[in-house]
Amino acid sequence: MRRGVTSLLRCRGGDGVVRLLAHDTDTNTLLLERLDEKRHLSTPGDSREAIRILAGLLARPCAVPAPAGLRQLGDVARTMLDTVPDAVRAVADPAERALLKSCAATAST
């Protein structure tokens, strides 16, 4: 999985994601750019502005195709959804079971 992460970070080049500065393949150590902790989404006075910023950031990674061989989110989601029936049976609380079913139904659409 690390290989996929480094491939994705290299592919994006810091556009919409943290920039990968260096990678040691022997230890799988990543040197990432330092983010500006002073820039919070709570900084804009208007929550709509914060949502606009967040939506723009979330859209950017989708603008460039993922590197070849990287797992696709849909495949990961399908694998997780396959485990839902067993997970639902393992949860004792009816409210928690209902929440799990609701989340799974949302993810499957």
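**Entry 1: the overall layout**

I began with the elements and found five helices and two strands in the protein chain; helices (H or I, at least four residues) and strands (E, at least two) are DSSP runs, numbered from the N terminus. I noted that this is a predicted model, in which local features need pLDDT of at least 70, side-chain atom pairs count only at pLDDT 80 or more, and totals for chains, interfaces and linings use all residues. I also kept in mind that residues are numbered from 1 along each chain as its sequence is written, and that side-chain values use heavy atoms, with hydrogens and water left out.

Reading from the N terminus, I wrote the order down as α-β-β-α-α-α-α.

**Entry 2: surface and contacts**

How much of the protein chain is buried? I found that buried residues account for 10% of its 109 residues. Here buried means under 20% relative accessible area, exposed means over 50%, and partly exposed is in between (1.4 Å probe, protein chains only).

The accessible surface of the protein chain came to about 8,600 Å², and carbon and sulfur atoms hold 59% of that. These areas come from the Shrake-Rupley method with a 1.4 Å probe, and for residues only the protein chains shown count as cover.

I then turned to contacts, meaning heavy atoms within 4.5 Å. Of the contacts in the protein chain between residues at least 6 apart in sequence, 36% join residues at least 24 apart.

**Entry 3: the hairpin**

Next I looked up the two strands. S1 (residues 20-24) and S2 (residues 29-32) run antiparallel and are joined by four bridges; two strands pair if DSSP finds at least two bridges between them. I picked out two partners in S2: Leu32 for Leu20, and Leu31 for Ala22.

The two strands form a hairpin, with four residues between them. Which residue in the turn has a positive phi? I found Asn28, at about 55°, although Asn28 is not a glycine. I made a note on this: most residues other than glycine have a negative phi. Asn28 sits in the loop between S1 and S2 and is partly exposed, with 34% relative accessibility.

**Entry 4: two salt bridges**

I counted two salt bridges in the structure, each being a side-chain nitrogen of Lys or Arg within 4 Å of a carboxyl oxygen of Asp or Glu.

One joins Asp75 to Arg78, with the closest N and O atoms 2.5 Å apart. Where do Asp75 and Arg78 lie? Both are in helix H3 (residues 73-82), and because they are three residues apart, about one helical turn separates them. Asp75 is partly exposed, at 40% relative accessible area.

I found another salt bridge between the side chains of Arg89 and Asp86, at 2.2 Å from N to O. This pair belongs to helix H4 (residues 84-90), where three residues, about one turn of the helix, lie from one to the other. Is Arg89 buried or exposed? I have Arg89 down as exposed, with a relative accessible area of 61%.

**Entry 5: helix H5**

My last stop was H5 (residues 94-107), a helix of 14 residues. From first C-alpha to last, H5 reaches 20 Å, close to the 20 Å expected at 1.5 Å a residue; the expected span is 1.5 Å times one less than the number of residues.

What caps the N-terminal end of H5? Asp93 does, with a side-chain oxygen 2.8 Å from the backbone nitrogen of Ala95.

Within H5 I also looked up Lys101, which is partly exposed at 49% relative accessible area. Lys101 and Pro85 are 16 residues apart in sequence, and their C-alpha atoms are 8.7 Å apart in space.

How values were computed:
Polar contact = N/O pair within 3.5 Å; in protein donor to acceptor, adjacent residues only side chain to side chain.
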